[in-house]
Amino acid sequence: MSITEWLAMGLALVLGGWALLSGPRRFGLGLTAALALLAWGLALTPLLWLGLAAVAAVLALALVWPDKRPFVWLTSAPHKARQWNRWRDVTQWLLVAAMAAAGVQYALHVWQLDSGAPTIARPDVVDAFLPIAALIQLKGLLELGLWDTHHPAGLVMLLAALGLSLTVKRAFCGWACPIGWLGERGYQLRRRLLPVNWRERLAALPNWLNRSVSVLALMLDWALRLVKYGILAWLVNLLLSGMPAMMVARYLQGLYHQAADLKMWALFTQPSAGMLVGLGVVVALALVRRNGVCRYLCPYGALMAIAGAFSPYKIRRDTALCLRDAKGMNCDKCHRACPSRIHVEVVGTVHSDECHSCQRCVAACPVKGAVSLSAPGRRWPMTPRAMVLVLIGFLFVLPLFFYAAGMWGSDTSPMMRAMLWQRLENLPLF
Ligand code: SF4
Ligand code: SF4
C-alpha cells in the first residue's frame with residue numbers, strides 16, 4: 001500500500017473507532033480493541049503500526065477526557081435522527097479526501113513515468129476506477145479460477161461494493177461514491193446560482209397542460225432510468241458472449257490490461273472530441289437533475305441496484321407511528337427529503353432501485369422510529385454508527401484482509417509501467 005492508502009486507512013480507523021466509542025462504552029471498547037489488534041496482526045508493517053498507535057492515542061484521550069472529545073457533534077448520545085446527515089457527510093468527506101489524495105499521488109507517479117522509473121509509488125486503490133477490467137477479472141476468477149495480479153485491487157473493490165450492496169442496498173452510491181458526491185455538490189451549487197423551481201412553473205400552467213407535461217416527464221424518467229441497465233447489459237453481454245474464457249485468460253496476461261489504469265488516465269487527461277461531448281452530457285445531467293448520473297447513466301449504480309434488491313435492509317415505515325396513518329395528518333417530510341423523490345409516506349417498505357440508503361427520510365421524519373432502514377419486521381434498525389462501521393468494514397477492513405493475503409498490490413513493475421506509458425497508443429489487446 002502507498003502512503004495515501006495508509007493515511008486513508010488510518011483516518012477510517014479513527015472514524016470507526018469514534019463510531020464505536022460514541023456508542024455504548026463497553027461494546028465500543030471491546031470491538032475497537034479487537035479490530036485494532038486484528039488489523040495490527042494482519043498487516044505487519046511499520047506504517048500501519050504508526051497509524052494504529054495514533055488511533056490508540058486518540059481513543060485513549062477520548063476515554064480520559066470524554067467531555068473534551070473533538071467533533072462533539074459526532075458523539076452526543078443518544079443519537080438524534082438529524083445526526084444521520086452529519087455522519088454521512090463525514091464519511092463522504094473522508095472517502096472523497098482519500099480518493100483525492102490517491103489521485104494526486106497517482107498524477108505525480110504518471111508524471112514521473114515520462115522520465116523513466118518513478119520514485120513515487122502508484123496507489124493501487126486507483127484500480128477501483130477500472131470497473132470493466134474488474135468485471136473481466138471476475139469472469140476470469142469464476143470461470144478459470146484466475147486471480148489477476150496486475151490490477152487485483154479493482155476486483156477487491158468491486159467485491160467490496162457488491163458485498164456492501166447485498167447488505168445495505170445502494171449505500172455505496174449514497175454514502176461512498178466520490179462521483180455521486182461530486183454530482184450532488186454540483187447540483188446544489190447550480191441551484192444556488194441558478195434557482196429554477198419546475199414545480200412552481202408547472203403549477204402555473206393550465207391544468208390539462210400541467211397534467212400532460214407531468215405524465216410525459218414521468219414516462220421520460222422511467223425510460224431514462226433504463227439506460228444505465230442497458231449499458232450494464234451491453235457490458236455483461238460483451239463479457240459473456242464476446243469474450244470466451246480463454247480470451248479472458250489471454251487478455252488478463254496481456255500488455256493492454258497491464259496498462260488499463262494508464263489508458264483510463266489518458267482518456268481523461270488527453271480527451272478526444274467524443275469524450276469531451278460525453279463528459280459535457282454527464283456534467284449537464286448532474287447539474288439539471290439531482291443524482292442524474294446515478295439515476296440514468298451509471299452502470300456501476302445499476303449493478304449495485306441489482307445486488308441491493310437482495311439486501312435484507314430496506315427503508316421501512318411504521319404505520320402505527322407515522323403521523324399520516326396514526327393521526328391522519330398531511331405529513332410528507334420523508335418524501336420531500338428524498339433525493340430520489342420516492343413516496344416513502346405511502347408505502348410500508350421501499351423496494352425502489354433508486355433508494356441509496358442515504359437515510360435523509362429517516363433524518364427528516366419528526367417521529368423517532370416511524371421510518372427506519374431496517375431488516376424485515378422493522379428489526380435491527382441501522383443506526384448512524386452501525387452504518388459507518390458497515391461501510392468501513394466493507395471498504396477498508398475487507399481490502400486490508402486481501403492486502404495481508406498478498407492479493408491487493410499490482411505486480412507490474414515501475415520499469416514496465418514506464419515502458420507501457422511510452423507505448424500506450426500501440427498496445428495489442430491480447
Ligand atoms: S427513500 Fe430514504 S434512504 Fe432511500 S433514497 Fe430516499 S431518502 Fe434516501
Ligand atoms: S415523515 Fe415520518 S411521520 Fe411524516 S409521513 Fe414520513 S414517515 Fe410518516
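Biologist: Which residues touch the most other members of the largest nonpolar core?

Modeller: Keep in mind that this is a predicted model. The largest nonpolar core has 85 residues. Ala 12, Leu 164, Phe 172, Cys 361, Val 371, Leu 391 and Ile 392 touch the most other members.

Biologist: Why is this core said to lie between domain 1 and domain 2?

Modeller: Domain 1 (87-308 + 386-426) and domain 2 (314-378) both give residues to the core, so it lies between them.

Biologist: What does Cys 361 touch, not counting residues up to four places away in sequence?

Modeller: Cys 361 touches Ile 315, Cys 334, Ala 337, Cys 338, Val 344 and Val 371.

Biologist: What makes helix H17 (residues 299-308) largely enclosed?

Modeller: Eight of its ten residues are buried, so the rest of the structure largely encloses H17. The buried ones are Pro 299, Tyr 300, Gly 301, Ala 302, Leu 303, Met 304, Ala 305 and Gly 308.

Biologist: Which helices do the buried residues of H17 pack against?

Modeller: They pack against helix H6 (131-144), helix H7 (152-168), helix H8 (171-176), helix H11 (207-240) and helix H16 (292-297). Across the chain, buried residues make up 37% of the 430 residues.

Biologist: Is Asp 411 buried or exposed, and how do you know?

Modeller: Count the other C-beta atoms within 10 Å: Asp 411 has 11. The cut-off for exposed is 12 or fewer. So Asp 411 is exposed. It sits in the loop between helix H21 (384-404) and helix H22 (414-422).

Biologist: Which residues is Asp 411 in contact with, leaving aside its neighbours within four places in sequence?

Modeller: Thr 149 and His 150. Asp 411 and His 150 are 261 residues apart in sequence, but their C-alpha atoms are 5.6 Å apart in space.

Biologist: Why is Gln 359 called buried?

Modeller: Gln 359 has 26 other C-beta atoms within 10 Å. Buried takes 20 or more, so Gln 359 qualifies. This residue lies in the loop between H19 and helix H20 (360-364).

Biologist: Is Asn 291 buried or exposed?

Modeller: Buried: the count for Asn 291 is 23 other C-beta atoms within 10 Å. Asn 291 lies in the loop between helix H15 (273-288) and H16. Its phi is near 60 degrees, a positive value in a residue other than glycine.

Biologist: Where does the UniProt record place "transmembrane region"?

Modeller: The unreviewed entry annotates residues 38-65, 90-108, 154-182, 231-252, 264-288 and 388-409. In the model, residues 90-108 are 100% helix and 0% strand, with the end C-alpha atoms 27 Å apart. Residues 231-252 are 82% helix and 0% strand, with the end C-alpha atoms 23 Å apart.

Technical notes:
Residues numbered from 1 in each chain as written. Chains lettered and ligands numbered in written order. Predicted model: local features only at pLDDT ≥ 70, side-chain atom pairs only at ≥ 80, totals over all residues. Core = buried A, V, L, I, M, F, W, Y, C linked by C-beta atoms within 7 Å. Domains from an automatic or database assignment. Contact = placed C-beta atoms within 7 Å. UniProt positions renumbered as here; feature names shortened; annotations may be inferred. Helix = DSSP H or I, 4+ residues; strand = E, 2+ residues; numbered from the N terminus.
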